[in-house]
Every structure is written in C-alpha cells, then in structure tokens.
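Please examine the two-chain arrangement shown below before reading on. The paragraphs that follow lead through its parts in turn.

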Amino acid sequence: MAMLIRRSNLMVPITNPRFVSRAWRHNADAITLDLEDSVVETRKTEARALVKEAIAQVGQGAAEVFVRINKPFVQADAEASVWPGLRGIMLPGVETADEVTEAAALLTVLERQRGLAVGSLQLIILLESARGVWHIQSIITASPRVTQVGLDESDLACDLGISPLPEYDPYVYARGRLAIEATAAKVQPVGIRYPLGTQARLLPAAELHTMANEARNLGMKGVICPHPSWVEPVNNAFTPTADLVAYNKRVRAVFAEAIASGTAAVPLDGRMIDVPVDEWAKVVIAMAEACAARDAEKQAALTRLR
Amino acid sequence: MAQRLVRRSGLTMPVVTKRFVDNAWRRGCDYINLDLEDSVPQHLKAHARSLIKEAIPNVSKGGAEVFTRINHDYVLADLEAIVWPGLRRVNYPKAEYGAEIRQLDEIITRLERERGIRPGTVEIGANIETAVGVAYGYEIASASPRVKDFGGASGYDMSRDLGVEMFVGFDQFVYGKGECELIARTLGIEARSAPFVANTTGSVSDPEHAFRTAEAARKCGFRHGGGLNPAVVEPQNRGFTPSDEDVREAHWVLEQYRQLAGSGETWGEVNGRIIDRYEAARARDTLEWAELCAERNREKAEAVARVQAAMAEQTSRASA
C-alpha cells in the first residue's frame with residue numbers, strides 16, 4: 001500500500017473569502033474547510049453554500065481537501081460537502097463507534113448520489129472528551145474510511161475541566177494512547193507538541209519545526225495547522241532530512257555486509273545494528289521518497305496553474 | 001507471590017557467534033539470552049537452532065540462567081530445537097495476542113512432558129514491541145501462568161512501529177510502559193520496565209549510563225536488567241543491588257518504626273523523614289532484595305570457582 005503523506009493539514013474558515021482564496025498558495029498537503037468552530041451559529045447555512053466552490057478553489061495546488069463538519073449537523077453538512085474533489089470529512093467530538101458507523105453510511109449514500117467512487121471518502125477523527133479518548137480503539141476501527149485521528153486539545157481541556165499550564169503537559173496519557181491505539185489500528189495519529197495544540201499561536205519557524213519534530217518523535221504523522229505559517233516548518237519536520245536518509249543508507253549497507261559475513265548484529269558508531277534497525281532504515285528511505293513524490297505532485301499542479 | 005527472581009543483568013547474543021557463546025559464562029550476568037531472532041541472519045536460522053542444546057550447559061556454567069529468544073514466525077521449529085533441560089525461559093518477541101501465548105504454552109507443555117522437564121517450569125517472556133501488543137497487553141500477560149513478568153513497549157521495534165527516532169531527549173514510550181506496568185501489577189506478576197534516562201548517543205556499551213538506568217529502575221521498583229554488551233553487566237548488577245548506604249538506611253527506618261510501634265503511634269517524623277508502615281514495608285523489601293542479590297552473587301561465584309578449578313585440573317593433567 002502506498003504510504004499516506006499528509007504532513008500538514010491547514011484549517012481554513014470557510015466564511016473568510018480571503019483565507020479561502022489564498023489557501024492553495026501555502027503548500028499544505030491537505031486543506032480543511034471549516035464549517036465548525038470558526039463559523040458562528042447564525043451563519044451555518046450560508047457557510048454550507050460556499051463549500052462546493054471552495055473545494056475546487058483550495059484544491060488547485062493539489063492539496064487534499066477535507067471539510068470539518070458540525071457534530072449536531074452531520075447530515076446537512078455532509079450533504080453540502082460531498083462533491084467531486086473532496087477527499088473526506090473531518091469529524092469532531094467523536095465519542096462512540098456508532099457516530100463513525102453512521103457518518104460512514106451517510107457518506108456511502110452521498111457517494112452514490114453524487115457519482116463518487118463508493119468508499120473513496122475518508123474520515124479524520126477528532127477526539128475532544130475523556131469518553132472519546134477512552135473509546136479510541138472502537139472509534140477508529142469502526143470504518144476503514146478512518147485514515148487519521150487527533151486530539152482537539154482545547155476542547156479536551158474543557159471536557160476535563162482544566163486550564164492547563166504551558167509548563168505541564170496534561171495529555172501525556174491521552175497522546176500516548178492516541179499514538180499506540182492509532183498505530184495498532186493502522187490509522188495515522190496527528191498532533192503537535194504540547195502546548196501548541198492547546199494554545200495555538202504564531203511562532204518563529206525554527207521553534208515550530210522543533211515542536212513538530214518532537215511530535216513526530218512521539219508517533220504523530222502530521223499536524224493540523226491553524227495558521228498558514230505552520231505549514232512549511234511542519235512539512236519540513238515530517239520529511240526525513242538528507243542527513244537522516246544518508247545515515248540510514250549507511251545502516252543498510254553495513255547490515256547487508258554483516259548478513260553476508262554470517263551475523264545479523266553489527267556495531268556502527270557505538271550502536272548495535274540488527275533487523276529492526278535495518279527495517280526502520282527501509283521505512284525512512286521509503287518515507288523520504290514518498291514525501292518527494294508528494295512534493296513533486298504539488299509542484300506540478302502549481303506549474304500548471306502558472 | 002513466589003520468591004523474586006534475581007535477573008539484574010543479562011546478555012542477549014547471537015547463538016551463531018561462537019566467541020560470544022564460549023565466553024558467556026565469564027561475564028558475571030544473572031542470565032544469558034541466546035538469540036535465534038534479530039541477530040541471526042535468515043539463512044542461518046536452522047543452523048542456529050541446532051546450536052542451542054549444547055549452548056545451554058556451556059553458557060550456564062558460570063551460574064547464569066539460560067533463556068532463548070525465538071522467532072515470532074518460527075515458533076514450532078524453534079521450540080522443538082530449544083526446550084531442553086536447563087532452559088529457564090522462552091522469550092517470544094513481538095507478542096500481539098493472547099492466542100499466540102496459549103499456543104506457545106501448549107507446545108512447551110508437550111515438550112516438557114516428552115523431555116523429562118518438570119511441568120510448568122519453562123517460563124514464557126512475552127515481549128511487547130508493537131502498538132498492537134500494548135493494545136492487547138492484558139490478554140497477552142494473562143494468557144499463561146508461565147508469564148512471570150511483563151513489560152517492554154520500548155526499544156527499536158517499538159520505535160519503528162510508532163515511526164519515531166530512537167535516542168531523543170524525552171520519553172516516547174511513557175504510555176506503553178505505563179500500560180504494561182499496570183497490567184503486570186494488576187496480575188501480580190513482576191513489572192519489567194525502566195524510567196526514562198536520556199541516552200542520546202545510542203551507545204550499548206556505556207557503563208555509566210547502564211548504572212544510572214539500573215539504579216533509577218531499582219528506585220522505581222523494577223528489578224530486571226539486560227543488555228547487549230559485556231561492559232554493561234557489572235554496572236547493571238551494581239545498579240540493581242541496594243548499596244551499603246541503602247541497606248544501612250533501611251535498617252535505620254525499621255529501627256525507628258519499631259520504636260514508633262512501641263510508643264503506640266502509627267506515624268512519626270524523625271530527622272525530617274516520615275516513618276510509617278509504608279516506609280517500613282519499603283525498608284523490609286530493600287533488605288530482602290539485598291539478601292537475594294547477595295545469595296545470587298554467591299551462587300555465581302561458586303559456579304565460576306568450580307569451572308576454574310576444573311580447568312586448572314585439566315591444565316595440570318595435560319602438562320603432567
């Protein structure tokens with residue numbers, strides 16, 4: 001199976017035409033049009049009417065396009081969102097497997113009605129409550145449409161009744177559970193290093209890169225970006241560096257020599273190279289290639305536009 | 001609970017590397033883990049299996065217990081080749097479901113019967129090395145009474161499964177380790193884990209790091225060490241054994257507790273330290289563990305002395 005490369009997913013408030021029209025310029029792997037928290041209650045209907053056109057607009061740079069819908073309005077929002085060009089739906093506040101099953105069934109109906117390949121639309125799940133975090137396993141395995149899952153940390157703080165301090169990460173357990181259960185289910189966990197997910201803000205690119213890199217080293221596969229300035233450092237952090245690729249090519253060469261000489265355990269720079277290290281080297285090299293392919297796709301789309 | 005086993009240090013080595021196997025008894029470890037898995041190339045698996053039966057008495061003559069790590073995908077062939085008298089434990093890598101452990105148990109039960117091994121004595125080490133293994137940890141750990149301890153959820157395989165780099169400056173495995181520890185303690189078996197001690201170089205032969213990690217692990221209630229390089233054996237033995245100061249302090253705490261109990265109080269403060277039954281229990285645990293460690297050291301020293309005496313005799317006979 002091809003490796004899913006969705007490093008950055010830029011959130012765009014659908015009711016802000018300026019943000020929508022510029023979204024494709026930021027080089028995000030995915031763009032999510034938001035019908036939920038960035039749209040006030042009184043403008044939900046108006047917002048829905050904007051989706052169809054916005055999908056084509058934000059997708060012109062070859063970003064995958066998602067729509068974040070409202071938990072109380074799944075049917076109406078999905079009906080307004082399922083059009084050609086849509087990659088899937090971001091489902092917030094999920095607490096039970098049934099919510100996923102129902103959303104998946106609704107997507108099947110809409111795929112048929114709108115002439116999309118049945119089963120092609122994906123789901124990104126956001127967990128925002130203790131109940132959701134606890135039931136993560138049944139939630140993310142409820143449908144093969146689920147490709148990514150993350151925590152909405154500010155809503156989770158609200159559910160837990162806490163006002164977290166930036167110095168003390170209250171989500172060590174929740175994020176660890178996210179990484180383990182998602183990986184076990186072959187779903188990608190997404191998120192940024194604490195406290196950025198709780199208090200999204202603008203940061204110098206280098207700091208963002210560090211935070212995203214740490215998130216990657218906690219098992220995350222990408223970041224939902226609240227601001228365009230996050231996209232580039234996030235893309236970089238989730239792309240294996242040339243140094244890392246070179247090191248892992250060396251690991252593969254040293255290990256191959258060792259096998260030929262009759263051992264599968266060989267020292268390299270004080271470390272022990274054996275099967276899992278070689279297996280990981282393969283993954284890093286494959287991931288670098290997949291990232292390069294994704295970047296080439298986006299570049300080709302931009303070239304066509306020009 | 002059964003008497004605690006003393007397994008502070010252990011070397012995992014490819015059974016196909018004769019030099020490692022022949023010198024294993026000299027290393028002073030509490031156990032030797034003969035590897036059939038990741039350190040053995042595919043084309044040597046059959047050869048590796050054929051070496052275990054003879055390696056068992058060879059590596060254990062210095063008093064070490066003998067374990068073998070088998071391959072996740074060759075359970076039957078590996079078990080047939082390794083379950084012989086003297087083998088204490090089968091380490092099963094990448095355990096993911098309870099059914100796998102039940103299958104191992106069945107095969108081991110048959111082999112014990114066929115080969116004159118006391119029933120139920122060969123342990124199963126269920127190594128958790130994947131996210132799925134953590135997710136199904138409870139069913140794995142409770143699948144057989146042969147599982148006497150439980151842990152893992154860190155290391156190269158785990159990092160590969162999660163897609164994280166090794167040797168970063170923070171603990172990437174805190175959730176999985178926590179789950180495994182809770183499962184072990186819930187089931188009343190030994191928890192095999194360690195707190196996070198940064199190792200950003202990834203060295204497997206750093207004695208100072210080995211000591212700090214072992215000491216920190218002991219202070220957190222863990223007793224189980226192990227490594228890949230002989231240089232870490234002595235520091236692990238030392239780090240997992242209560243120091244003289246720890247022992248003195250434990251005696252002092254118990255003495256204070258006795259005086260407290262004599263005065264009819266349940267709680268007191270002496271020199272700024274709380275003295276109560278929890279502290280007393282902790283002190284007793286330290287003394288018991290120190291005694292077990294000392295006993296284990298004597299056992300190993302006697303075994304090594306026997307081997308050396310036999311060797312000396314052989315040499316003098318040869319020269320005579």
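What covers the buried residues of α12(B)? The cover includes α11 (244–262) of chain B. Helices (H or I, at least four residues) and strands (E, at least two) are DSSP runs, numbered from the N terminus, and a residue is buried if 20 or more other C-beta atoms lie within 10 Å of its own, exposed if 12 or fewer, and partly exposed in between, with C-beta atoms placed from the backbone. The buried residues of α12(B) include B:Ala283, B:Thr286, B:Trp289 and B:Cys293. An α-helix has 3.6 residues a turn, so residues three or four places apart point the same way.

The model is predicted: local features need pLDDT of at least 70, side-chain atom pairs count only at pLDDT 80 or more, and totals for chains, interfaces and linings use all residues. Residues are numbered from 1 along each chain as its sequence is written, while chains are lettered from A and ligands numbered from 1 in the order in which they are written. For chain B the mean pLDDT (the predictor's confidence in each residue, from 0 to 100) is 95, and 99% of its residues reach 70 or more. The model scores ipTM 0.91 and pTM 0.93.

Chain B is divided into domain 1 (10–240) and domain 2 (244–319), with bounds that come from an automatic or database domain assignment. The centres of these two domains of chain B, taken over C-alpha atoms, are separated by 26 Å. Their contact takes 6 residues from domain 1 of chain B and 6 residues from domain 2 of chain B; two residues are in contact if their C-beta atoms, placed from the backbone, lie within 7 Å. In chain A, the assignment gives domain 1 (8–237) and domain 2 (242–305), whose C-alpha centres lie 30 Å apart. Here 5 residues of domain 1 of chain A are in contact with 6 residues of domain 2 of chain A.

The interior comes next. A nonpolar core is a set of buried Ala, Val, Leu, Ile, Met, Phe, Trp, Tyr and Cys residues joined through C-beta atoms within 7 Å. The largest such core holds 156 residues, and those that touch the most other members are A:Ile31, A:Val58, A:Ile89, A:Leu91, A:Ile125, B:Val15 and B:Ala126. A second, separate core of 5 residues includes B:Ala250, B:Val253, B:Tyr257 and B:Ile275. Beyond its neighbours within four places in sequence, B:Ala126 has contacts that include B:Tyr92, B:Ile101 and B:Phe150.

Between the chains, 30 residues of chain A are in contact with 31 residues of chain B. On the side of chain A that touches chain B, α8 (172–184), β10 (271–273) and α12 (275–305) of chain A each supply at least two residues, and α8(A) provides the largest share, 9 residues.

One residue of chain A, A:Ile259, lies in helix α11 (residues 242–260) of that chain. A:Ile259 is partly exposed, with 18 other C-beta atoms within 10 Å. Not counting residues up to four places away in sequence, A:Ile259 touches A:Ala264 and B:Pro41. A:Ile259 and A:Asp274 are 15 residues apart in sequence and 9.6 Å apart in space, C-alpha to C-alpha.
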